[in-house]
Amino acid sequence: MAFDQRPPPYYENYAYQPENMVPPSHISGYYNHPPPYYPPSVPRYVQRVPTEQSTPVPAITQPVSSSTKICTPRIRKTLCLILFITIILLGAAIAGVLIWFYATDSCSGSKIHCGTAGVCVTPSQWCDGVNDCPNGEDENRCVRLYGPQRILQVYSSENKGWYPVCHDDWNDDHGITACADMGYKKNLYYKSQGIRVTGSPSFLRLNKSAGNIDLYKKLYNSYWCPSRSVVSLQCINCGVSRKRVNARNRIVGGSAATLGEWPWQVSLHFHNSHLCGGSIITPEWIVTAAHCVDGSYSDSYHWKVYAGILTQKEMFSFKALRIAKIISHPNYDTTTKNNDVALMKLQSPLHFNEWTGPVCLPNPGMMFEPEQKCWITGWGAQRFGGNTSNNLNAADVPLIEPSTCNNMYVYQGKVLPTMICAGYLKGKVDSCQGDSGGPLVTVKNTLWWLVGDTSWGSGCAAQNRPGVYGNMTQFTDWIYRNMQANQ
Ligand code: 4AZ
């Protein structure tokens with residue numbers, strides 16, 4: 001690099017000079033001036049230099065802000081790079097969440113997914129006769145099991161009715177699909193069978209050549225089944241008691257149960273003491289009464305579930321199951337006890353064995369005899385106002401017809417269609433405090449069915465005051481929808 005060897009220039013501080021400017025004449029000859037220096041003809045800003053008039057200033061006089069220091073090109077480049085990487089990562093994260101959401105087709109909260117990515121409906125919108133899903137999936141995969149033989153029926157929105165399905169070309173994969181649409185986990189599937197046709201005017205048949213499409217799209221209406229049999233479906237191996245149940249005539253008036261006799265019975269502890277009973281219906285779901293989990297009892301954290309144990313004393317040394325979720329019937333009425341049913345979802349599934357297993361949920365179309373023999377079980381009090389029992393007790397009680405139970409001597413119209421009465425008008429045998437939520441069961445077609453959940457009564461075992469139970473047949477639909485929505 002070359003240096004200018006001339007003496008330093010002297011400037012009057014005029015900053016910038018216009019073109020053709022000559023130095024002022026009065027200065028010439030007064031000093032021994034250095035050779036004149038003329039600024040270039042093109043106007044330009046000249047760096048400030050010290051003059052006699054101006055106070056000397058350091059080369060850089062202004063304070064340097066920290067940002068000025070940071071904003072060197074190198075740092076700026078680094079910041080840009082970090083920003084760029086952050087944006088890329090954020091974008092990737094958002095894309096990931098979206099892909100996961102659409103791939104898993106998940107629905108938040110207690111909702112059922114339509115099958116169309118990301119679209120969900122509430123349990124009450126499922127099979128309610130109104131299309132809520134974009135392709136009507138909420139109305140075209142409505143399945144139910146009918147009667148004690150568990151005949152599979154599919155709802156045809158075209159014909160506005162339920163139709164049995166021909167057993168022809170039916171296989172277990174179809175059975176698994178139908179059970180999953182009722183809210184059962186696929187691994188629970190038990191069996192499909194062909195049942196001889198009895199007088200249905202119309203059927204649904206599988207179109208064999210339809211290929212690998214949705215089960216419901218393969219079904220078409222037919223007036224007959226070539227096999228002359230329809231599908232009977234068992235989604236879970238339920239209602240099996242490995243012990244022969246003895247007839248008892250005496251919970252109030254009952255007798256001690258033996259292990260494995262009532263494998264669906266659970267004891268529900270709130271803040272570490274028995275409060276209610278419940279019934280196992282799947283490895284993850286317990287049915288109980290809504291009044292057991294009402295108000296301050298609705299916090300699932302304070303509940304513990306004991307299964308496969310006979311005495312309350314033993315429970316303290318056994319590991320309890322915890323509850324993930326409590327779902328009370330939305331139309332439960334605290335005053336009338338209308339719809340007194342609730343579901344508890346366990347945090348981890350139960351393992352079924354000799355002492356623990358599910359009871360069958362009753363199907364629509366299941367007829368019980370007017371005085372069908374049933375059983376009640378629980379750790380409830382053995383007299384009104386008494387303490388919880390240490391032993392699980394059981395008693396057999398016949399059903400009481402609604403007209404009798406509602407007459408002027410009994411409950412005077414307080415027994416609603418969502419309720420069912422069981423017991424004796426003469427009293428002496430009954431459920432009592434602490435039995436609530438527990439099962440009222442019966443045997444039909446060799447299986448045990450949940451007829452009701454212990455709900456209310458005036459006192460215990462009093463004359464003309466039988467026990468009143470939630471009418472489970474009225475709730476099965478609600479239970480399936482909620483199991484499906486909370487898989
Ligand atoms: C209760 O308070 C209760 N006698 C349960 C059943 C009956 C009465 C009361 C029926 O949990």
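Student: In this predicted model, is cysteine 238 buried or exposed?
Tutor: The model is a predicted one, and the state of cysteine 238 follows from its relative accessibility, which is 6%. Buried means under 20% relative accessible area, so with 6% cysteine 238 counts as buried.

Student: Which residue is joined to cysteine 238 by a disulfide, and is that partner buried or exposed?
Tutor: A disulfide links cysteine 238 to cysteine 360, with an S to S distance of 2.1 Å.

Student: Is the disulfide of cysteine 238 and cysteine 360 left-handed or right-handed?
Tutor: The handedness is read from the torsion about the S-S bond. For cysteine 238 and cysteine 360 this torsion is about 100 degrees, so the disulfide is right-handed.

Student: How many disulfides does the count come to?
Tutor: A disulfide is a covalent bond between the sulfur atoms of two cysteines. The criterion applied here is a pair of cysteine sulfur atoms within 2.5 Å. By this rule the number of disulfides is seven.

Student: What is the handedness of the disulfide formed by cysteine 166 and cysteine 225?
Tutor: The sulfur atoms of cysteine 166 and cysteine 225 lie 2.0 Å apart, and the two residues form a disulfide. The torsion about their S-S bond is about -75 degrees, so this disulfide is left-handed.

Student: How many residues apart are cysteine 166 and cysteine 225?
Tutor: Cysteine 166 and cysteine 225 form a disulfide, and this pair links distant parts of the chain. Cysteine 166 belongs to the loop between β5 (161-164) and α4 (172-180), whereas cysteine 225 belongs to the loop between β8 (219-222) and β9 (229-234). Both cysteine 166 and cysteine 225 are buried, and their separation is 59 residues.

Student: Where does cysteine 421 lie, given that it is joined to cysteine 405?
Tutor: The disulfide between cysteine 405 and cysteine 421 has an S to S distance of 1.9 Å, and with -90 degrees about the S-S bond the link is left-handed. Cysteine 405 lies in helix α6 (residues 402-405), so the pair ties together parts that are 16 residues apart in sequence. Cysteine 405 and cysteine 421 are both buried, and the element that holds cysteine 421 is strand β19.

Student: Which residues point the other way from Met419 and Cys421 in strand β19?
Tutor: In a regular strand the side chains alternate between the two faces of the sheet. In strand β19 (residues 419-422), Met419 and Cys421 point one way, and all the residues of this set are buried. The two that point the other way are Ile420 and Ala422.

Student: How many residues apart in sequence are the parts tied together by aspartate 214 and arginine 141?
Tutor: Side chains of opposite charge can pair when their charged atoms come close. Aspartate 214 and arginine 141 form a salt bridge in which the closest N and O atoms are 3.0 Å apart. Aspartate 214 lies in the loop between β7 (203-206) and β8, and arginine 141 in the loop between α3 (137-140) and β3 (143-146), so the parts tied together are separated in sequence by 73 residues.

Student: Is lysine 185, which meets glutamate 284 in a salt bridge, buried or partly exposed?
Tutor: The salt bridge between glutamate 284 and lysine 185 has an N to O distance of 2.7 Å. Glutamate 284 counts as buried at 13% relative accessibility, whereas lysine 185, at 32%, counts as partly exposed.

Student: Which helix holds both aspartate 477 and arginine 481?
Tutor: The side chains of aspartate 477 and arginine 481 meet in a salt bridge with an N to O distance of 3.1 Å. Aspartate 477 is partly exposed, with a relative accessible area of 47%, while arginine 481 counts as buried at 17% relative accessibility. The two residues are four residues apart, about one turn of the helix, and the helix that holds both is α7 (residues 476-485).

Key: Residues numbered from 1 in each chain as written. Predicted model: local features only at pLDDT ≥ 70, side-chain atom pairs only at ≥ 80, totals over all residues. Heavy atoms only, no water. Buried < 20%, exposed > 50% of the residue type's maximum accessible area, 1.4 Å probe, protein only. Salt bridge = Lys/Arg side-chain N within 4 Å of Asp/Glu carboxyl O.
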